[in-house]
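This report describes how the parts of one protein chain are arranged and how they meet. Please examine the structure shown below before reading on.

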Amino acid sequence: MADLLIKNAGQIVTCDPLLFDSSDDGGRSIGLVDGGGILVSDGRIQAVGDVGDRPSLGTGALEVLDASGMVVLPGLVDCHTHTVFAGTREKEYEMRISGASYMEIAEQGGGINSTVAQVRRASEEELVNTALPRLRSMLRSGTTTVEVKSGYGLDLDNEIKMLRAIAKVGEAQPIDVIPTFLGAHEFPPEYRDARDRYVALVLDEMIPAVCEEGLAEFCDVFCEQGVYTAEQARSILERGKDHGLKPMIHADEFAESGAAEIAAEVGAVCAGHLGFASEDGLTAMKRAGTVAVLLPGVGFGLAKPRFADAGRMLDLGLDVALATDFNPGSSMVNSLLIISSLACSFMKMTPSEAVLGMTRHAARAVGREDSVGSLSPGKNADLVVFRVPDFRYIPYHLGGDIVEAVIKGGKVVFNSAQERPRKSRTSSPEAG
Ligand code: NIG
Ligand code: FE
């Protein structure tokens, strides 16, 4: 029985080029359907395109959403974030504006370890309560699936506390939350001079305990000069695999560290950052099917605009996903829409590539391509309706208030019309 009909859409961006006509830039089709509707039943997409005006399928109430002149996309997937944290680091931002580097700040006791100190002092409940408004804000910009990493506890109890908070955040609001264990995000101060002992703790205590409680789906490592070496990353990701955790990696953010190669070697589902990844590493990632996750919010947040070579990765045939990397240190941005603007202007991705990066490819980066990231019959009815005339408007309007509605599992979970005072209601995108 159908329970939701979206009708009269100006464009439906299915992100499924196999099922829907490709009418867009060469080989990187977004599966654009010009005009039509989407029929949803039992939380899943039943039909896309010409679905009629008010199909008489079943007897239950059919909710109808008129998307006249609007654009429908799959719910956005934010495939790399650190959304659960305590405290903020605006003073570090000011230091970077004045020329200090991210790594210098970290060496002086700031950086990840300053958030670790605050997370260790916070209760699980405080972590949940500070995260929930962030998730609400993400939902309002179209995100319906988000990956969230631990990595600010850096000891057994605090990593477990973070992961339990991440699980509660997932239960308490509509966005699907995918939990990642990132015990190897930094070396905590008490192990700075005993790094092997900390790696042993991650391998022998944290990974088994996290898996025993079923608290994570992925395992991640910050593989970078001065942080985790390629060898350490390999052993942690392999141990995670032994316990059923799928590997992903923070790779070659500030220097070529052999991390892209490790990503390919361990069969990582995705690798993030990649600003300094070697050509060999990228080629190996392509062979291994590892998704490249680009995080242009970091170029902005570090006040040192240097962006990964998206064009090269696309030319190599890699699937290129985009994510916010939302965190209090390097990327204090939780809107994928802003990320799409940065990706287009600074990494020269086309609007089509950016759209695929936030949907289809991002879903693959978190192993969810069978259920989300594209609109075809059988997929989850996770949808975003944009108050824009064309999908290219999405990256064009930096920070625009352009989301009309968000649907998660067939239910309308955000509807901007209900939040606007009636008089100012308008369908013009310039309203944002
Ligand atoms: O992906 N680079 C490592 N981790 C995060 C930053 C975390 C932080 O500074 O708190 C990142 O950019
Ligand atoms: Fe990150």
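## Salt bridges and polar contacts

Across the interface of domain 1 and domain 2, three salt bridges are found; a salt bridge is a side-chain nitrogen of Lys or Arg within 4 Å of a carboxyl oxygen of Asp or Glu. Between domain 1 and domain 2 there are also five residue pairs in polar contact, both residues being at pLDDT 80 or more. A polar contact is a pair of N or O atoms within 3.5 Å; within protein, one must be able to donate a hydrogen and the other to accept it, and residues adjacent in sequence count only if both atoms are side-chain atoms.

## Basis of the model

This is a predicted model, in which local features need pLDDT of at least 70 and side-chain atom pairs count only at pLDDT 80 or more, while totals for chains, interfaces and linings use all residues. Residues are numbered from 1 along each chain as its sequence is written, chains are lettered from A and ligands numbered from 1 in the order in which they are written, and side-chain values use heavy atoms, with hydrogens and water left out.

## The two domains

Domain 1 covers 3-74 + 375-419 and domain 2 covers 77-365, with bounds from an automatic or database domain assignment. Their contact (heavy atoms within 4.5 Å) takes 29 residues from domain 1 and 24 residues from domain 2. The C-alpha centres of domain 1 and domain 2 lie 30 Å apart.

## Overall dimensions

The C-alpha atoms of the chain fill a box of roughly 70 × 45 × 45 Å, taken along the principal axes.
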